[in-house]
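Colleague: I would like to go through this model from its overall fold down to a few side chains. Can we take it one question at a time?

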Amino acid sequence: MNDILKAMEERRSIRKFKPDMPKKEDLEKIIRAGRYAANGKGRQATLTLAVTNRELRDQIAADNREIGGWEKGFDPFYGAPAILIVLAEKDWPNRVYDGSLVMGNMMLAAHALGLGSIWINRAREEFEMVKYQELLSSLGIGGEWEGIGHCAVGYIDGEAPKAAERKDGRVFWVE
């Protein structure tokens with residue numbers, strides 16, 4: 001089977017990561033895969049914020065946990081040490097679609113490199129917060145951005161889960 005098709009069938013969301021940081025070269029490859037995602041009108045109206053700073057990662061996790069309504073101490077990123085946050089131009093009508101394709105490419109790339117990943121929501125709510133808008137500004141990122149999702153990445157702690165059986169009745173041919 002083609003390697004890409006195989007990765008699509010095998011990739012699973014990981015909910016337990018080792019604390020070891022992935023190699024920067026691997027994170028760069030994952031981000032590059034996201035940059036090559038299909039996008040409306042070739043506009044490339046997304047960006048990726050690669051968070052490997054532990055203090056910032058933990059602050060984002062705490063805010064994400066609070067937004068999600070979980071108990072203190074829960075890590076919504078399941079221990080993943082690297083968080084790749086996808087944002088899209090807020091006024092771009094295809095922002096959610098384009099950002100979602102970036103996320104999908106990055107999760108497949110992580111799997112292909114032997115890393116685990118999981119899509120975590122609530123990036124939109126985070127980047128509506130003044131402190132995260134100020135973070136973007138401090139990085140020289142102007143304009144209005146909407147958070148699309150977090151691609152939490154790291155080494156899998158344990159066995160990767162197996163795929164659930166695919167439900168029947170979800171494909172209809174019109175020939």
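Colleague: How many helices and strands does the protein have?
Modeller: This is a predicted model. From the N terminus on, its elements run α-α-β-α-β-α-β-α-α-β. The count is 6 helices and 4 strands.

Colleague: What radius of gyration does the protein have, and how does that compare with the globule rule?
Modeller: For 175 residues the globule rule gives 16 Å, and the value for this protein is close to that, so the protein is as compact as a globular protein of that length. The C-alpha atoms fill a box of roughly 50 × 40 × 35 Å along the principal axes. The radius of gyration is 17 Å.

Colleague: What percentage of the residues count as buried?
Modeller: A residue is buried when its relative accessible area is under 20%. The accessible surface of the protein comes to about 10,800 Å², and carbon and sulfur atoms hold 50% of that surface. Of the 175 residues, the buried share is 38%.

Colleague: Which residues of the largest nonpolar core touch the most other members?
Modeller: In soluble globular proteins, nonpolar side chains tend to be buried together. The largest such core here has 21 residues. Strand 1 (46–51), helix 3, strand 2 (82–89), strand 3 (116–120), helix 6 and strand 4 (145–154) each give two or more residues to this core. The members with the most contacts inside it are L49, F77, I83, I85, L87 and F127.

Colleague: How many residues make up the second, separate core?
Modeller: This core includes A37, M106, A109 and I148. Its residue count is 18.

Colleague: Which residues of helix 3 are buried?
Modeller: Helix 3 has 15 residues and reaches 21 Å from its first C-alpha to its last, close to the expected 21 Å. Its buried residues are covered by parts that include strand 1, strand 2, strand 3, helix 5 (123–126), helix 6 and strand 4. Those buried residues are R57, I60, A61, D63, N64 and R65.

Colleague: Is R57 buried or exposed, and at what relative accessible area?
Modeller: R57 is found in helix 3. Leaving aside neighbours within four places in sequence, R57 is in contact with V51, D75, F77, G79, A80, P81 and I83. F77 in turn touches R57, along with F17, I60, A61, N64, I83, I120, H150 and A152, again not counting residues up to four places away. R57 is buried, and its relative accessible area is 1%.

Colleague: Where does F74 lie?
Modeller: F74 counts as partly exposed because its relative accessibility is 31%. Its C-alpha is 8.8 Å from that of A61, a residue 13 places away in sequence. F74 lies in the loop between helix 3 and strand 2.

Colleague: How many salt bridges does the count come to?
Modeller: Side chains of opposite charge can pair when their charged atoms come close. The rule asks for a side-chain nitrogen of Lys or Arg within 4 Å of a carboxyl oxygen of Asp or Glu. By this rule the count is 9.

Colleague: Which parts does the salt bridge of D63 and K131 tie together?
Modeller: The side chains of D63 and K131 meet at 2.8 Å, N to O. The pair links parts that are 68 residues apart in sequence. D63 is buried at 8% relative accessibility, whereas K131 is partly exposed at 36%. The parts tied together are helix 3 and helix 6 (residues 130–138).

Colleague: What is the N to O distance in the salt bridge of R54 and D58?
Modeller: Both residues lie in helix 3 (residues 54–68), 4 residues apart, about one turn of the helix. R54 is partly exposed at 44% relative accessible area, and D58 is partly exposed at 32%. The distance is 3.2 Å.

Key. Residues are numbered from 1 along each chain as its sequence is written. This is a predicted model: local features need pLDDT of at least 70, side-chain atom pairs count only at pLDDT 80 or more; totals for chains, interfaces and linings use all residues. Side-chain values use heavy atoms; hydrogens and water are left out. Buried means under 20% relative accessible area, exposed over 50%, partly exposed in between (1.4 Å probe, protein chains only). A nonpolar core is a set of buried Ala, Val, Leu, Ile, Met, Phe, Trp, Tyr and Cys residues joined through side-chain atoms within 4.5 Å. Contact means heavy atoms within 4.5 Å. The radius of gyration is taken over C-alpha atoms; the globule rule is 2.2 Å times the number of residues to the power 0.38. Accessible areas come from the Shrake-Rupley method with a 1.4 Å probe; for residues, only the protein chains shown count as cover. The expected span of a helix is 1.5 Å times one less than its number of residues.
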